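Q: Please take a close look at the surroundings of the ligand in this model. Which residues and elements make up that part?

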Amino acid sequence: MDAIVKNFPLPGDLSERPTQQEAEEAVRVLLRWAGEDPSREGLTDTPSRVVKSYKELFSGYDQVAEDVLGRTFEEVAGYDDMVVVKDIPFFSHCEHHMVPIIGKAHVAYLPDGRVLGLSKIARVVDIYGRRLQTQESMTAQIAKAIDDTLRPRGVAVMIEAEHMCMSMRGVQKQGSTTLTTTFTGAFKIDAAEQARFMTMVRSR
Ligand SMILES: Nc1nc2c(ncn2[C@@H]2O[C@H](COP(=O)(O)OP(=O)(O)OP(=O)(O)O)[C@@H](O)[C@H]2O)c(=O)[nH]1
Ligand SMILES: [Zn+2]
């Protein structure tokens with residue numbers, strides 16, 4: 001798992017970014033490549049809109065998951081069983097074609113004295129979602145971030161997603177879903193804990 005995660009650029013590695021003007025020019029080039037005339041009225045503001053939307057869609061490069069997960073709570077009346085946050089919707093973009101990945105993440109951990117604020121789990125999904133991704137890397141990165149910061153007895157992450165690069169183009173298979181999982185600690189070594197996670201994720 002470490003190998004996959006380490007291969008990914010962290011926000012600190014991205015200091016030499018192009019200027020907004022250069023990014024807008026790149027959009028104009030792509031518009032011309034697609035067969036458009038970037039100077040026609042309807043497209044005049046498109047490069048600046050695209051660049052602005054890229055800021056939002058790829059805002060995960062400006063955030064560090066470990067910062068978000070730093071705040072934990074210990075006063076939980078001795079609760080030490082599984083915490084599952086399921087059906088967390090996310091949007092990402094595949095690193096091969098830069099088109100959307102649309103899916104849901106299910107995240108669980110077994111506390112070891114400390115728990116996370118529930119919203120922080122969803123925030124971490126967004127941080128990794130708002131970068132260029134493969135589904136495998138995103139799954140591993142979410143698990144690793146929680147494992148490293150919270151040090152729980154185990155983490156389980158499942159992602160189910162549709163890749164628009166498989167639906168809108170290429171092989172054109174609409175509606176197929178890709179499932180990926182990462183298990184650490186007790187979830188990795190204990191099949192019963194894995195099965196319990198699966199049951200809780202699947203229960204409606
Ligand atoms: N493992 C993995 N593959 C992905 C993911 N997102 C997209 N892909 C695949 O990445 C592959 C890239 O294959 P290439 O042959 O280099 O690119 P391509 O010619 O555009 O391939 P096609 O999509 O088959 O047309 C494709 O098979 C995609 O389906 C992902 O998250 N994980
Ligand atoms: Zn793709």
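A: Start with the contacts of Cys94. Leaving aside neighbours within four places in sequence, Cys94 is in contact with Val99, Ile101, Gln133, Thr134, His163 and Cys165. The model is predicted. Cys94 belongs to strand 2, residues 83-94. Cys94 counts as partly exposed because 18 C-beta neighbours lie inside 10 Å, while a buried residue needs 20 or more.

His97 sits in the loop between strand 2 and strand 3 (100-110). His97 is partly exposed too, with 15 other C-beta atoms within 10 Å.

A record links these two residues with a third. The unreviewed UniProt entry carries a "binding site" annotation on Cys94, His97 and Cys165. They are spread over 72 residues of sequence, yet they cluster in space, with a largest C-alpha distance of 7.8 Å.

Now the ligand. Around ligand 1 stand Cys94, His96, Thr134, Gln135, Glu136, His163, Cys165, Met166, Gly170 and Val171. By class, this shell has four nonpolar, five polar and one charged residues. Two helices each supply at least two of the shell residues: helix 6 and helix 7 (164-167).

Helix 6 has 16 residues, 135-150. From first C-alpha to last, helix 6 reaches 23 Å, close to the 22 Å expected. Its buried residues include Met138, Ile142, Ala145 and Thr149. Residues three or four places apart in an α-helix point the same way, because there are 3.6 residues a turn. Gln141 and Lys144 are also among the buried residues of helix 6. Just after helix 6, Arg151 takes a positive phi of about 50°.

Technical notes. Residues numbered from 1 in each chain as written. Chains lettered and ligands numbered in written order. Predicted model: local features only at pLDDT ≥ 70, side-chain atom pairs only at ≥ 80, totals over all residues. Helix = DSSP H or I, 4+ residues; strand = E, 2+ residues; numbered from the N terminus. Expected span 1.5 Å × (residues − 1). Buried ≥ 20, exposed ≤ 12 C-beta atoms within 10 Å, placed from the backbone. Near = placed C-beta within 6 Å. Nonpolar A, V, L, I, M, F, W, Y, C, P; charged D, E, K, R; others polar. UniProt positions renumbered as here; feature names shortened; annotations may be inferred. Contact = placed C-beta atoms within 7 Å.
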